[in-house]
Amino acid sequence: MKTLGISTLIAVSALATNPAVGQTRPATKPTAASTSKTVAAKPAAAKPSPAAAKPAVVAPAAEPAAQATPETTAKAAAPAKTQATGAHTFGKGSMAANLGIGFGLGYGYSLFSGIRSTPALSLSVERGIIDNLGPGVIGVGGMIGYKAYSWKSGDYKGSWKNFLVSARGAYHYNVFDIPKLDTYAGISLGVRVESYSDNYLDREYTREYGGSYVTSGFFLGGRYMFTDNLGAFGEAGYDMSYLKLGLTARF
């Protein structure tokens with residue numbers, strides 16, 4: 001009995017000095033993994049975007065265009081009246097060629113009575129180069145041509161052949177204000193090569209001689225275009241012949 005009391009007293013003393021003695025398993029809180037039930041996370045409520053909350057700004061409707069009146073429509077449709085525009089007018093950069101036949105005498109051959117001449121054949125080419133000198137356009141180009149003459153008196157016969165190479169300049173201005181008509185005036189300067197033959201000394205033989213001469217001329221002309229590229233022309237003046245008629249081409 002005395003031994004039991006001593007043992008009890010020792011045990012009580014040990015508990016008083018060290019409380020952790022005698023605790024075999026400390027209490028632990030259950031972890032989330034050990035529990036069979038899991039708490040579902042609440043979804044976070046999405047905050048509305050300030051940009052989405054504001055209504056879209058609607059652009060004001062454009063004012064209706066002013067209705068075109070017949071007068072304004074006619075003004076817009078009317079082409080500007082300039083010498084360098086249009087398919088039929090002759091302007092800066094335009095090219096034209098005339099292929100013609102000349103009638104009448106020239107170069108002073110009319111002084112001889114009874115003289116005859118063949119129609120003159122000519123080809124001229126021209127290009128517009130300046131369009132800011134007054135209302136018209138200046139064009140420059142060249143011409144080549146051929147014309148023959150003959151004269152007979154009794155047994156005497158004589159003939160002349162003329163080849164012409166000349167430079168030409170013209171001023172184009174639509175005098176009559178006709179859209180398809182191109183009127184112009186100009187001058188020419190070139191060289192005429194003449195060959196002459198006759199039987200003056202011996203009626204059975206022919207002598208030949210000739211020479212080259214500087215020649216000049218002037219002309220008034222007009223072209224009328226049937227299409228954008230083809231038309232007719234006429235020129236009156238003094239160079240190869242008094243009058244030329246023929247075809248004209250634009251390109």
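In this predicted model, Arg192 and Glu194 form a salt bridge through their side chains, with an N to O distance of 3.6 Å. Both partners, Arg192 and Glu194, are buried. The pair counts as a salt bridge because the cut-off is 4 Å between a side-chain nitrogen of Lys or Arg and a carboxyl oxygen of Asp or Glu. Under this rule, 5 salt bridges are found. Side chains of opposite charge can pair when their charged atoms come close.

A further salt bridge joins Arg168 to Glu235. Their closest N and O atoms lie 2.9 Å apart. This pair links distant parts of the chain. Arg168 belongs to strand β5, while Glu235 belongs to strand β8, which spans residues 230-238. The two residues are 67 residues apart. Arg168 is buried, and Glu235 is buried too.

Lys244 and Asp239 also meet in a salt bridge through their side chains. Here the N to O distance is 2.7 Å. Lys244 has a relative accessible area of 4%, so this residue is buried. Asp239 has a relative accessibility of 3% and therefore also counts as buried. The reasoning rests on a cut-off: buried means under 20% relative accessible area.

Salt bridges also form a network, made up of Glu126, Asp182 and Arg223. Asp182 has a further partner, His172. The side chains of His172 and Asp182 are joined by a polar contact of 3.0 Å. His172 is part of strand β5, the strand that also holds Arg168. With a relative accessible area of 0%, His172 is buried.

Partly exposed residues fall between the 20% limit for buried and the 50% limit for exposed.

His172 in β5 makes a polar contact with Asp182.

How values were computed: Residues are numbered from 1 along each chain as its sequence is written. This is a predicted model: local features need pLDDT of at least 70, side-chain atom pairs count only at pLDDT 80 or more; totals for chains, interfaces and linings use all residues. Side-chain values use heavy atoms; hydrogens and water are left out. Helices (H or I, at least four residues) and strands (E, at least two) are DSSP runs, numbered from the N terminus. Buried means under 20% relative accessible area, exposed over 50%, partly exposed in between (1.4 Å probe, protein chains only). A polar contact is a pair of N or O atoms within 3.5 Å; within protein, one must be able to donate a hydrogen and the other to accept it, and residues adjacent in sequence count only if both atoms are side-chain atoms.
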